[in-house]
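This report describes selected local features of one protein structure. Please keep the sequence and the model in view while reading.

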Amino acid sequence: MNKNTEPNRLIHETSPYLLQHAYNPVDWWPWCEEAFAKAKAEDKPVFLSIGYSTCHWCHVMERESFEDTEAARLLNDGFIAVKVDKEERQDIDSVYMGVCQALTGRGGWPLTILMTAEQKPFFAGTYLPKRGRFGQTGLMELLELVRAQWNTDRARLLRYGEQITSAAERAGTAAAASRFDGRQVIALAYAQLRGSFDARYGGFGAAPKFPTPHQLLLLLRGHHLHVGDRALEMAEQTLTAMYRGGIYDHIGGGFSRYSTDRQWLAPHFEKMLYDNALLVMALLECYQVTGTERYRYAAEQTLGYVRREMTGPEGGFYAAQDADSDGEEGKYYTFTRAEILQVLGAQEGEHLCRRYGVTAQGNFEGKNILNLIHDATAPIPDKGLARQLERLRAYRAGRCPLHTDDKRLTSWNALMIVACAKARRVLGEQVYLDMAEGAYRFLMGHVLSPDGALCVSWRDGRAKGAGLLDDYACLAWASLALYETTFSPDYLRQACRLMERVISRFMRAEGGCCLTPEGGEELLYRPVEQYDGAIPSGNSVAAWCLTRLAALTGEERWRAAAQRQLESFGGLFQARPTACTFALLALMQEVFPSQQLLCALPDVGEKERFAFAWGRTYHPQTAALVKSPADETTLSALAPFTERYPMKDHPLFYLCQDQACAAPVATLGEVLDQLPGSVAIKP
């Protein structure tokens with residue numbers, strides 16, 4: 001293994017992932033026109049490697065191959081090697097991950113692509129060992145074979161590349177619109193989730209298990225709307241099982257990427273900003289519905305972790321923390337029993353070990369992942385135990401380094417802003433609004449240009465990448481979340497601006513949005529992503545934002561755009577609705593009874609009191625606006641229907657449904673009496 005003393009071209013990049021490879025002996029290029037021009041001029045194929053900085057198998061492939069002089073020599077002699085950070089270039093990753101899935105039936109990172117200088121792939125795979133083993137192709141053998149075929153039978157490779165490109169484009173751009181019955185689609189999604197539910201350990205399907213919080217949000221709202229008799233049970237059992245397991249960090253808060261086993265004990269230890277944002281949303285909604293303290297506690301601890309370890313000094317939230325420390329997965333998070341006794345002392349250490357299932361034998365490679373799987377009550381720590389956990393956290397922080405990917409991604413930051421804004425509404429703590437608004441100001445000041453264009457990411461003083469659908473849609477969602485937390489119409493106006501850009505730059509005439517903007521960098525094709533993976537797709541978030549804007553403003557243009565967007569999901573809704581559960585949240589707004597609440601509040605202090613009282617109530621089908629003397633004109637421009645409702649010298653609440661409004665009432669309690677199934681958290 002070898003690291004150069006002189007860096008390659010990646011040293012000039014800002015991506016932590018690319019910088020990790022800056023001293024490889026491989027002559028890496030970043031994705032750029034010059035790299036492909038060089039491949040064409042030198043008549044070489046392109047070796048494309050896509051990954052991210054906290055990816056365990058990306059680290060393994062680097063150690064085995066990209067730091068190896070023999071493998072580097074073969075790459076440098078016969079190929080132009082290009083490195084891409086999938087988090088900075090989601091568009092490139094989407095295109096070539098689609099190729100890999102079309103070709104192999106699976107995907108993952110690191111993603112390995114061989115292609116022509118015209119960017120047409122003829123091989124796709126994921127992690128490759130340096131040498132083949134147990135039937136798995138090795139990188140060296142693959143490169144030698146391709147180099148030989150490039151020189152002797154190139155026509156065959158090129159034909160194969162054309163076939164792959166055509167197949168991937170068909171799969172990546174298909175968004176069949178068709179008629180569907182919305183309630184039947186939602187009932188089918190519930191039935192599919194129930195069919196794959198693990199009744200013993202919670203979650204869906206077999207190991208590895210992923211959190212997929214948007215599925216839990218669908219179940220919670222399905223429970224509210226009486227869709228399925230076990231919806232709340234499935235959501236609660238899954239959230240409780242994750243909290244009890246090792247996927248939840250009992251020492252420092254926050255959730256790891258996924259569980260490698262069925263019972264949520266042994267995680268893949270990397271922590272991603274988006275997982276924690278979406279899980280906070282699900283935990284808070286479950287707390288709203290049930291009032292159970294463990295959901296509040298887990299949400300608070302997760303947000304405390306984000307504030308402490310994932311917030312940059314310049315503002316905004318970091319992208320991820322690594323699974324590996326000192327080259328060993330999980331080293332940072334696991335403990336021996338003796339180590340805990342040494343840190344806490346015999347008496348307190350024994351107490352903590354009993355509570356969190358710590359043994360001399362260990363439960364993970366001879367060490368222990370703290371967990372509550374053995375305790376069905378899943379208690380939250382008392383004050384004494386909380387102090388012991390804090391001592392372990394302080395000890396752990398100084399024990400071994402943990403790499404943090406400190407770039408700020410626009411879409412992921414927006415998701416955490418939504419989570420923090422929701423925490424302010426539900427829990428009432430000002431610190432969560434400070435987190436949300438601080439990150440929002442950071443994005444407005446660092447990734448948004450004066451003409452309204454967004455960038456994908458920011459790091460080390462530089463914003464990079466033309467914004468993609470996910471960036472605009474997620475930031476619009478964050479703007480709506482902040483409006484519904486503060487009722488400042490400036491946030492509503494910004495949401496409108498962002499979604500106008502989505503419609504003009506990303507939406508196709510037949511509905512459905514491309515990932516990349518019209519007129520952007522030309523790739524193999526413009527993918528249309530509708531599947532909700534670990535993160536809801538940009539199309540699903542756009543559908544949610546459009547339906548919410550239609551409800552808040554009453555404007556037909558938003559209603560028509562929302563309908564067109566939802567209709568584009570028709571084929572997927574009918575075939576596999578659980579693949580787009582976040583889009584189903586938008587569909588629920590349209591096919592089940594929904595309400596608009598206009599609050600005419602003459603006193604500014606009333607606005608904040610209403611915001612907190614409203615936030616402690618679960619009412620997912622109701623969109624609320626607040627009209628006050630200070631912002632009456634701005635609100636009227638965004639939602640002209642509000643002009644019809646006068647303001648008096650005392651609060652008035654107008655509740656509307658199906659284009660008809662009830663007589664105004666003077667208190668929020670009277671409003672809640674009119675809302676079906678409304679649930680308030682007990683003080």
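Which residue in β20 does Cys656 stand opposite? Cys656 stands opposite Cys661.

## Basis of the model

The model is predicted, with local features needing pLDDT of at least 70 and side-chain atom pairs counting only at pLDDT 80 or more, while totals for chains, interfaces and linings use all residues. Residues are numbered from 1 along each chain as its sequence is written, and side-chain values use heavy atoms, leaving out hydrogens and water.

## Strand β19 and its partners

Strands here are DSSP runs of E with at least two residues, and helices are runs of H or I with at least four, numbered from the N terminus. Two strands pair if DSSP finds at least two bridges between them. Strand β19 (residues 652-657) is joined antiparallel to strand β16 (residues 595-600) by five bridges, and Phe653 is the bridge partner of Cys599.

Two bridges join β19 to strand β20 (residues 660-661), also antiparallel. Two residues lie between the strands of this hairpin, where Asp658 has a positive phi near 55°. Five of the six residues of β19 are buried (under 20% relative accessible area, with exposed over 50% and partly exposed in between, using a 1.4 Å probe and protein chains only).

## Arg393 in helix α15

Arg393 belongs to helix α15 (residues 383-397). Arg393 is buried, because its relative accessible area is 17%. Leaving aside residues up to four places away in sequence, Arg393 touches Ile251, Gly252, Arg308 and Glu309, where contact means heavy atoms within 4.5 Å.
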